[in-house]
Structures are given as structure tokens and as C-alpha cells.
Amino acid sequence: MMFRIKPAMLKIAAAAWLLGATSAMADTTLEFTQWWEPELPAGSLRAIMNDFEAANPGIKVTLVSGPYATTRDQISVGAATGTLSDVVGLDGAWVNNLNAQGALADMNPMMDASGFDKTQVADIIKVDGKAVMFPVASFVYPVFVNLDLAAQAGVTKLPSTRAEFLEAAKKMTHADKNQYGWVLPLSLQTPSGVQNDMMSWVWASGQSMMADGKPALEGKPVVDMLTFVKSLNDAGVVSPGIATKTEQEKVEEFVNDRVGMMIDSLAHVNLIRKRNPKLNFDLIPVPVVENYTGKRGLPYASWGIGISAASKHQEEAWKLVQYLMSEKVNAKLVSLANAFPGNVNAKPDFVTSDKAFSKAFEIFKTGYLANEFTGLPVAEDLMTQFDVEAQKMLAGEQSPEQAAATAQKGWMAKF
């Protein structure tokens, strides 16, 4: 028996198909490039995007994920060619150069049009008055101390000043055992050691490497920091191989009981525990100059977020940015990342559930975030220039004053 489809049924089917096709075509797909997904628990960022899509029918998010260095290069190419993703993960060191290329949208009008509460965010990174980046998650850089090595060396009081740090580093150094008090990574391949492991000493004491918006490397704060770092090296307490050492190698040395103290990202706590579950360590603020009693600057790096100036879907992109900066979502994301929130009202789960992170949160609350490289022109080039001069100083080829003067000249050429 042949089944005959009635014309009315065909019309209904065609209308249903057309409605479905129109709905599918109406979906806006946002491309979101970042390095966060590989550093988060598997599937967790995708799950947050799924929740966003459910809360915003008609908007889909495609994650473009890769390692930090790969993402940096990809974003640079996208900015140069006008093919930047709708939403981009940003490092504060990149934003000045990206803004100079006209690659980042100004989020000020978006905030105004949507009634966005600016007081809820920890910071808004601006370049030439344009709001180009929100820090979504911030990773502070305290000092990690191997408590077992400290105890074996007779260090009963963890250092609070530079002088105490030097003495503790001396006691914890046993070159014959390939064990050293401190580690300093100054590989030119990744010059962030200048920011995290050197300038952090300046910021910790409430000091600055800048003055009136210009470099001030020949001033007392930076010269004193260089002199202090040189004293550590001259005392033989710094792990060998400074000029080629990367941050990853620094962490490996700490994990394997070869280094007593290091300045490092809070993001690496779980990595350290995974690599060496028996490692007994604590966190302390970066030590300060003698007699300093003010708030301590906390070096930090952020997962920042911005919107492409070339995006044809800026309204939808802004919805995603708002979503990630909202209190509950931000708290969830930073809890997964072991970071501090971009929304000042968000409270990460780990603050009450993990001793190390609870300690770090106390350090965070009593200090202030400090990273003067954020927003500077060609920040990574500036770090590289300073790195070169610092290496010459540590090799005995010039004094701290000469290193600072040469770096100052190079930096001023960029301003």
C-alpha cells in the first residue's frame, strides 16, 4: 500500500525546515582565542562556555586554545592581518602594542550602554584612555620556601627583609650537594624573569621603576635592587645557569629539592604538589628593604580579556566578557584556575579549603597588585633589554649603576 503525503503536510514540513534553518542561520558564533583551556582542568572552560550559551540563546562560542607562547604569536598575527578573534585572552604586556595597531576595541562605550558596574572589577587596563582589557584572573607571585631545607639549615624565622633573605639563602646553600638558596631565571627566550624575579623586589617595598610615566631605572629603587641581586649572586647562593634558565626549569629545581626559595606564580601550587607530593613548602611575601612598614606590592600576572576592534559581533562579544566578569562565574573560573578574582565580590573556593591558598589570600588582602609592565609599549622588548644588562652585571662586566644607565637609555628610545 502506497502512502501518499498530503500537500498540507508538505507545507508544514517545509515551514518547519525553513524555521529551523533560519534559526540556525541566526546563531552568532564567537571565536575566543586564549591559552587558559590547557591550564584548566580538562573540559572545565568548555563547560563554562556551554553555560553561557544556555543563558544566551543564539550565541555559540568556539574556543581556540593553545600554549601561552603559541597564543601570543597567533594574536600578534591576527592583529597584523585584521583577523583577530572576536574575544581574545590577553597578557597586560601585549596591550600597548595591540592598541597601537588598532586591534583592540574600546570597551568604555559598551560599559556605558549596558550599565556595567565598574566598581565590581579589580582593575580596568586602559591605553590612551581606551578600556582595552579586564583582568579575569590574577596570579600573584609570592616566595615559595622549602620548609625542610630551611629547617635543616637552621632557618627558624622565614625572611621578611632583604637582609634576612640573604642570610637564609646562605644557610640553605650547599653547592657540593647542588643545593642553593635562590633561583633566578633570566633566559632571553622568555625574559619574564625581569618582571617576576627582579622588579618584584622593587614593587614589594612600595617602590617604582617609573616616574611621571617614564622609565626611572637609574633611580635608587632599581639600582638598589640590582645591587641586592648582585650580592646574592656574589655570595654564591643563586643556582647556576642564570643566563639560560627558564621559569619551567626554575620550578623543576624547586620541586626536586635543589632550591630553597623561589619567587613563583600561585598557579604552580598544584603542579608542584603533583610533581612532588612530599614537598613541604610555605608561601611568604617578597621581602622588603629595611624599615619598610607600608603595604607590600604583589607582583602578578593576569589572564586578561578584550574584544577585537575588527569583530563584527562586538555586542555578543561584550556579553561573553560581562559573563566571565560576573561574580558567580568569575568565582567559579578562578577556583578552577587557583587564581584571585577579577570581580572584587567573587570569593574562590580554595580560600577556605586549602592551607597554601588561604595563606596566599591573606598576603593578597594585606598588599596590593603591582606590575608596571602592564600597558607599557613593547613590554617584552623592555624586559629583554634589561635582561641583557642584568646578565652583564652578574657576569662582572659592569656595575649595577652601569647596568641601570644602559637599560634606561634603551628604554627611553621606546617611549
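Q: Why is Gly78 called buried?
A: The model is a predicted one. In it, Gly78 has a relative accessibility of 4%. Buried means under 20%, so Gly78 counts as buried.

Q: Where does Gly78 lie, and which residues does Gly78 contact beyond its neighbours within four places in sequence?
A: Gly78 lies in helix 3, residues 68-81. Leaving aside neighbours within four places in sequence, Gly78 is in contact with Thr83 and Leu84. Contact here means heavy atoms within 4.5 Å.

Q: How many residues separate Gly78 and Met110 in sequence, and what is their C-alpha distance?
A: They are 32 residues apart in sequence. In space, C-alpha to C-alpha, Gly78 and Met110 are 23 Å apart.

Q: What makes the pair of Phe165 and Trp201 edge-to-face?
A: The whole structure holds 25 aromatic pairs. In the pair of Phe165 and Trp201, the centres are 5.0 Å apart and the planes stand at 75 degrees. Rings pair if their centres lie within 6.5 Å, and planes over 60 degrees apart count as edge-to-face. Both conditions hold, so Phe165 and Trp201 form an edge-to-face pair.

Q: Which elements does this pair link?
A: Phe165 belongs to helix 7 (residues 162-171) and Trp201 to helix 8 (residues 193-204). The two residues are 36 residues apart, and the pair links distant parts of the chain.

Q: How do you know whether Phe165 and Trp201 are buried or exposed?
A: Phe165 has a relative accessible area of 0%. Trp201 also has a value of 0%. The buried class is under 20%, so Phe165 is buried and Trp201 is buried.

Q: Why is the pair of Trp182 and Trp201 called edge-to-face?
A: The ring centres of Trp182 and Trp201 are 5.9 Å apart, and the planes are at 80 degrees. The limits are within 6.5 Å for a pair and over 60 degrees for edge-to-face. The pair is therefore edge-to-face.

Q: Why does this pair tie together separate parts of the chain?
A: Trp182 lies in strand 7 (residues 180-182), while Trp201 lies in helix 8. The parts are 19 residues apart in sequence, so the pair ties them together. Trp182, at 0% relative accessibility, counts as buried.

Q: Which residues do ring pairs link into a cluster?
A: The cluster consists of Phe32, Trp35, Trp36, Tyr68, Trp94, Phe139 and Trp303.

Q: Why are helix 2 and helix 13 called roughly antiparallel?
A: Helix 2 (residues 44-55) and helix 13 (residues 327-337) pack at about 170 degrees. Their axes are 11 Å apart. Angles over 145 degrees count as roughly antiparallel. Helix 2 and helix 13 are therefore roughly antiparallel.

Q: What makes up the contact between helix 2 and helix 13?
A: Helix 2 brings Ser44, Leu45, Ile48 and Asp51. Helix 13 brings Val329, Lys332, Leu333 and Leu336. These residues divide into five nonpolar, one polar and two charged.

Q: Why does Asn178 count as partly exposed?
A: Asn178 has a relative accessible area of 40%. Buried is under 20% and exposed is over 50%, with partly exposed in between. So Asn178 is partly exposed. Asn178 lies in the loop between helix 7 and strand 7.

Q: What makes Asp128 exposed, and what is its phi?
A: Asp128 has 71% relative accessibility. Exposed means over 50%, so Asp128 counts as exposed. Asp128 sits in the loop between strand 4 (125-127) and strand 5 (130-140). Its phi is near 55 degrees, a positive value in a residue other than glycine.

Q: How do you know that Asn291 is exposed?
A: Its relative accessible area is 74%. The exposed class is over 50%, so Asn291 is exposed. Asn291 is found in the loop between strand 11 (281-284) and strand 12 (297-307). Phi of Asn291 is near 70 degrees, also positive in a residue other than glycine.

Q: What percentage of the protein is buried?
A: Buried residues make up 52% of the 415 residues. The protein has 17 helices and 14 strands.

Terms used. Residues are numbered from 1 along each chain as its sequence is written. This is a predicted model: local features need pLDDT of at least 70, side-chain atom pairs count only at pLDDT 80 or more; totals for chains, interfaces and linings use all residues. Side-chain values use heavy atoms; hydrogens and water are left out. Axes are lines fitted to C-alpha atoms, for helices over the stretch in contact, and angles run from 0 to 180 degrees between N-to-C directions. Angles under 35 degrees count as roughly parallel, over 145 as roughly antiparallel, 65 to 115 as roughly perpendicular and the rest as oblique. Ala, Val, Leu, Ile, Met, Phe, Trp, Tyr, Cys and Pro count as nonpolar, Asp, Glu, Lys and Arg as charged, and the others, Gly among them, as polar. Buried means under 20% relative accessible area, exposed over 50%, partly exposed in between (1.4 Å probe, protein chains only). Rings of Phe, Tyr and Trp (its six-membered ring) pair if their centres lie within 6.5 Å; planes under 30 degrees apart count as stacked, over 60 as edge-to-face and the rest as tilted.
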